Amino acid sequence: MKGAITKNFRGLRALVIHAEDANRQMLVGVLGRLGLDVRTIDPQDAVLPDALAGSDIVLADMVTEGLPPRAAPDALPCIALIGSEAPSQLARVVAQGCASHIMKPIRSSGVFTALLLAVNEHDRRRKADREIHSLRQRMAGRRIVTRAVLNLMLAHGLNHDDAYERLRLAAMNRRLPIDELAREHLALTPHAAEPSAHPWVPADDRPDTPAPNRRMTR
């Protein structure tokens, strides 16, 4: 994994979702020694959603049914507490999006490793999700710009480069992203635009015959 690895977990608010027993007591003690601010809650407690909202990391007993699923890319990092490799427990691990686990009975060894894996994998997932979202936005913006350029070419007899340049200059003059201006143009001209549809595409500035279509390089 590229970038710095988080190894210091002091101050993180950890929520342990587990019934009161020796495993929970051991886990709370280890987490406290690692500097985490630990809160415990019974899996069936009605205030579980509120407790999740005020936490930075979750350590959940996978024996429990009805745990809130991993609902979003920015959901909390999760560590599964499992006592066996039963299919039902492993299915909950997948549903929660847990990046690491701790086997029961819980001992002091392995807790730090589970924290390191869960926190850093969660950060990696969030970064990947942001990058994917950004790429999708850029791709959508390029499709909008292409449609607007084609609209200008057909409506005003412009070649590809000239149509794109008109759109680009208009966006610069109005201090707008080019894809935003392209959306505005398409909203106002859903079909082939009339020459006077936009003041920034003057009708008397069109070539008599369309110039050869040259491939645009951005």
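**A helix, a disulfide and a buried aspartate**

In this predicted model, β4 is part of what covers the buried residues of α3.

Visitor: Happy to be here! Which residues of α3 are buried?
Guide: Welcome! An α-helix has 3.6 residues a turn, so residues three or four places apart point the same way. The buried residues of α3 fall within an arc of 105° seen down its axis, so they line one face of the helix. They are Gln-89, Arg-92, Val-93 and Gln-96.

Visitor: And which exposed residues does the face of α3 turned away from its buried side carry?
Guide: Exposed here asks for over 50% relative accessible area. On that face, the exposed residues are Pro-87 and Val-94.

Visitor: Which residue just after α3 takes a positive phi?
Guide: Look just past the end of the helix, where phi comes to about 70°. The residue with this positive phi is Gly-97.

Visitor: Which cysteines form a disulfide?
Guide: The count comes to one disulfide. One partner lies in strand β4 (residues 78-82) and the other in the loop between α3 (87-96) and β5 (100-103), so the pair ties together parts that are 20 residues apart in sequence. With sulfur atoms 2.5 Å apart, the two are Cys-78 and Cys-98.

Visitor: Are Cys-78 and Cys-98 buried or exposed?
Guide: Buried means under 20% relative accessible area. Cys-78 has 5%, and Cys-98 has 13%. Both therefore count as buried.

Visitor: Finally, which side chain does Asp-61 join in a polar contact?
Guide: Asp-61 sits in strand β3 (residues 57-61). Its relative accessibility is 7%, so Asp-61 counts as buried. At 3.0 Å, the side-chain partner of Asp-61 is Lys-104.

Note on methods. Residues numbered from 1 in each chain as written. Predicted model: local features only at pLDDT ≥ 70, side-chain atom pairs only at ≥ 80, totals over all residues. Heavy atoms only, no water. Helix = DSSP H or I, 4+ residues; strand = E, 2+ residues; numbered from the N terminus. Buried < 20%, exposed > 50% of the residue type's maximum accessible area, 1.4 Å probe, protein only. Polar contact = N/O pair within 3.5 Å; in protein donor to acceptor, adjacent residues only side chain to side chain. Disulfide = S-S within 2.5 Å. Arc of directions from axis to C-beta. Contact = heavy atoms within 4.5 Å.
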